[in-house]
Amino acid sequence: MPIPDILKDQLVLPVVAAPLFIISHPALTLAQCKAGVIGSFPALNARPLSQLDEWLDQITNELETHAQENPQSKTAPFAVNQIVHKSNNRLEQDLELCVKYKVPIVITSLGAVPEVNQAIHAYGGIVLHDIINNRHANSAIRKGADGLIAVAAGAGGHAGTLSPFALVQEIREWFDGPLLLSGAIANGGAVLAAQAMGADLAYIGSPFIATHEARASDQYKECIVDSAAGDIVYTDLFTGVSGNYLRPSITNAGFDPDNLPKSDPSKMDFGSGGTTEAKAWKDIWGSGQGIGAVKSVVSTAELVGRLTREYEAARKKLLTD
């Protein structure tokens, strides 16, 4: 199955910038798209609901204007992340706004719902569903998703535990559609490696936290810069779903990173974006294992530029070796 044009034609690099809870907002999403990679944000970052209408209007119009005024450069499309878990009491209204603005790409998480996919398909949009194992991948495609985001070991936030080699291999045995790979991808060589093992695009989150446009605290950004893979802790304590977090933030919140208790699954709340969940992500900082490649806080354009140079250098090296 050929990759849809929307996932390749207007990109300078085969990259989708992952939606970052609390952190992604119009300034970051627009900067990503204008730099030539697919930008995204979680619908629940817009609060109250009316703000989502404002954000979608702003992003849609500004990208259209930018493309018209800069025909010589590539302006990438954008994506909105929808949490399809039963605890998300805004899903129906958020979905209506995605339909209203014909959001080109919708990323669904924590549940695969045919009706959501059908609503996006009705206006010509595509749906990418994130998964952590082959069983979930099969379910998502059966229920109508167009593509998959394989969230492998080492990814920031809610992450799986499977090796990217194993996860991509198993998916590619039966699925030839759009496949994105997430997990410790923070330089251009890793983007090329993702393609070499069978993915179409890389799905990158943590490096974008350390950008000027990101809605993260200066302390969070500097912690990304100062940390490496050994500073990442995998735990389900804070949201009920296992994820990767920065060790210093756990310590600063008063926990012992080496002796964390297990969570209470009955209290899981993924979708509402309520006070408890927001506080967890605000104080306990999510991050992937690839951040050793992040050396300073830069603009989004600079980050994409670095990734692009590294990607081209890695391709050239393979061709000449």
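Analyst: A contact here means heavy atoms within 4.5 Å, and helices (H or I, at least four residues) and strands (E, at least two) are DSSP runs, numbered from the N terminus. The model is a predicted one, in which local features need pLDDT of at least 70 and side-chain atom pairs count only at pLDDT 80 or more, while totals for chains, interfaces and linings use all residues. Residues are numbered from 1 along each chain as its sequence is written, and side-chain values use heavy atoms, with hydrogens and water left out.

The part to look at is helix α5, which covers residues 134-142, in a protein that has twelve helices and eleven strands. At the start of α5, Asn133 places a side-chain oxygen within 3.3 Å of the backbone nitrogen of Arg135, which is a polar contact (a pair of N or O atoms within 3.5 Å, where one must be able to donate a hydrogen and the other to accept it, and residues adjacent in sequence count only if both atoms are side-chain atoms).

Within the helix, Asn134, Ala137, Ser139 and Ala140 are buried, that is, under 20% relative accessible area with a 1.4 Å probe, counting protein chains only. These buried residues of α5 pack against β5 (126-131), β6 (147-151) and α6 (164-172). Just after α5, Gly144 takes a positive phi of about 110°.

For the whole protein, 54% of the 321 residues count as buried, and of the contacts with a separation of 6 or more, 66% are between residues 24 or more positions apart.

Terms used: Buried < 20%, exposed > 50% of the residue type's maximum accessible area, 1.4 Å probe, protein only.
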